[in-house]
Amino acid sequence: MHNAAIDRNNRNRELFHPGNEYIKQNNLSLDISYIVNPADGEPFISRDELESFTPDIITKHVMLKNGEGDCKDGDIPMLGWQSLPDEITIGHLDEITSVTDELAGKIDAFVSLGIGGSYLGIEATFRALSHTWFNQLSREQRGGLPEIYFLGQNTDPDFFSDTLDLLKGKRIGLNVISKSGTTTETAIAFRILRAMLEKDKGTNSAEYIIATTDKNKGALRELTGQKNYPSFVVPDNVGGRFSVLTDVGLVGLAMAGINIYEFVAGFRHMKKSTEHDDFWTNPALVHAAVRHLAHEKGKKIEVVATNSSAMYQLTRWMEQLFPESEGHHGFGMWVSPSMYSEKLHANGQMVQDGERNILETFLKLTECNHTVAIPTDPDNFDNLNYLADSGMTMNDVNALVIDGPAYAHFRGGVPNMTLTIPGRNAFNVGQFYYLMERSVALSGYLAGHNPFIQPGVEAYKKAMFALAGKPGSEARGEKIRAEINGMDRTVI
Ligand code: PA5
């Protein structure tokens with residue numbers, strides 16, 4: 001299929017600079033009423049407490065903006081994500097779409113290879129904004145776009161092989177994404193898919209592979225030079241989990257037909273809304289303050305629940321952003337992504353009645369892409385005609401799967417806040433990401449550690465490499481094996 005068939009409606013460049021009306025319609029709001037009002041006696045966190053906390057959080061906020069504080073990975077301050085929304089040009093986005101349009105025109109399926117920050121934001125945005133069954137639609141229904149797959153995010157041989165089954169006989173294109181260029185999961189998947197492509201296309205295989213990696217260093221950069229792959233760069237000063245707005249995210253999103261012009265505009269708008277110092281009108285400051293004080297008051301788990309399967313993927317992105325940035329030196333809240341009302345019929349029991357160590361955050365989608373009516377049933381066997389008779393739709397019920405639990409959980413001792421997302425568009429998802437990035441950066445600073453590194457992730461890698469017999473790690477491997485074997489094993 002020629003790339004002219006790609007639906008240009010998804011590429012509305014005008015949304016790079018949205019008008020005031022559009023911005024007004026797409027306002028993300030944060031409701032903390034069930035934090036600051038008393039459920040039973042005292043409020044969980046009073047407005048006065050938040051007020052008193054203001055000087056502390058403003059200090060950290062100003063430090064971040066000035067590039068001060070513990071923010072370096074090696075010698076590099078990892079604060080590039082802060083200014084990125086203002087730095088990305090429309091010309092750069094045009095370059096990306098021209099590369100992805102050209103590749104899209106000659107493939108049936110696009111595979112994005114990456115893990116952690118080189119994966120989660122791309123899949124989350126794709127799922128948040130695309131048709132639920134995107135790959136099952138006809139090419140025409142997909143607006144001329146290829147099918148989209150993700151690999152390299154785990155080493156499950158069945159998941160990998162089953163995905164290859166779906167790719168059989170299709171013309172595939174790849175985007176291999178790795179900042180370090182050495183991440184095992186991604187590298188194994190790439191090795192296999194590259195071999196498949198080389199077998200199929202011979203020397204032309206390079207036309208079907210995009211590499212997104214460090215500008216100068218790493219194994220992937222070296223291979224890219226040798227093979228002449230079209231390539232994109234992961235900036236030095238942006239960490240993996242903060243990188244969805246860099247080429248790490250933008251290339252795959254452009255390929256999936258997401259409006260990356262609008263996406264950047266969303267980030268830019270939230271940057272503007274969160275860089276000033278007025279506590280009560282800055283959602284990043286309020287969000288970070290509530291979470292920090294909640295942690296101090298014994299909340300160790302944050303259930304992040306949504307009423308949208310599409311938005312559920314954003315909660316999975318949060319599951320990386322927050323614990324990887326906050327989980328240092330014994331600090332941090334465990335983020336538990338949840339889709340309501342599904343989970344209300346599962347661990348919802350524990351949220352309502354279990355140990356009171358939970359803070360809850362709702363991502364409430366108010367405008368869905370579809371409205372589903374509830375029909376009247378002449379037999380009314382399920383007694384639900386009252387819904388139909390009052391004109392309620394499935395959408396109205398879906399709003400209540402947030403409103404009902406928010407009230408009940410509040411009364412049950414689970415303070416909660418609701419971030420309302422007015423609709424499924426790239427502007428709102430961009431706003432959401434920037435808000436959370438700023439909030440988690442503040443959280444790390446408030447806790448007194450560097451939120452931009454993840455030394456804990458390295459420990460598993462070292463052990464795994466050593467056990468796999470990586471050259472140079474043999475002695476460590478032997479030591480670990482001896483330790484494991486020497487242990488009194490209890491296996492039943
Ligand atoms: O947030 C992070 O930095 C990590 O999750 C990384 O993104 C992840 O480990 C993948 O790393 P790389 O892009 O180097 O393959």
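Q: How does the shell around the ligand divide into nonpolar, polar and charged residues?
A: The shell holds one nonpolar, nine polar and three charged residues. Here Ala, Val, Leu, Ile, Met, Phe, Trp, Tyr, Cys and Pro count as nonpolar, Asp, Glu, Lys and Arg as charged, and the others, Gly among them, as polar.

Q: What sort of model is this, and how are residues numbered?
A: It is a predicted model, in which local features need pLDDT of at least 70 and side-chain atom pairs count only at pLDDT 80 or more, while totals for chains, interfaces and linings use all residues. Residues are numbered from 1 along each chain as its sequence is written, and side-chain values use heavy atoms, with hydrogens and water left out.

Q: How many residues surround the ligand, and which are the closest?
A: The ligand is surrounded by 13 residues, and the closest are S118, S178, S180, T183 and Q320. A residue counts as near if one of its heavy atoms lies within 4 Å of the molecule.

Q: What are the distances from ligand oxygen atoms to the side chains of S178, S180 and E324?
A: For S178, an N or O atom of the side chain is 2.6 Å from an oxygen atom of the ligand. The corresponding distance is 2.7 Å for S180 and 3.0 Å for E324. A polar contact is a pair of N or O atoms within 3.5 Å.

Q: How much of the ligand's accessible area does the protein cover?
A: On its own the ligand has 390 Å² of accessible area, and the protein covers 89% of this. Such areas come from the Shrake-Rupley method with a 1.4 Å probe.

Q: What is its volume, and which residues are closest to its centre?
A: The largest pocket has a volume of about 1,300 Å³. It is lined by 45 residues, of which S178, S180, G181, T183 and K461 are the closest to its centre.

Q: Which helix gives the largest share of that lining?
A: Helix 8 does, with eight residues.

Q: Changing topic, what about the second largest pocket?
A: Its volume is about 900 Å³. The lining has 36 residues, and S130, H131, N369, H370 and R424 are the closest to the centre. Helix 16 gives the most to this lining, with three residues.

Q: Where is the cis peptide bond?
A: The bond from Y340 to S341 is cis, with omega near 15°.

Methods: A polar contact is a pair of N or O atoms within 3.5 Å; within protein, one must be able to donate a hydrogen and the other to accept it, and residues adjacent in sequence count only if both atoms are side-chain atoms. On a 1 Å grid over the protein atoms alone, a cavity is a set of points where a 1.4 Å probe fits but cannot get out, and a pocket is an open set with protein on both sides within 12 Å along at least five of seven lines; lining residues have an atom within 4 Å of a point. Grid points are joined across faces, edges and corners, and a volume is the space filled by probe spheres set on the points. Helices (H or I, at least four residues) and strands (E, at least two) are DSSP runs, numbered from the N terminus.
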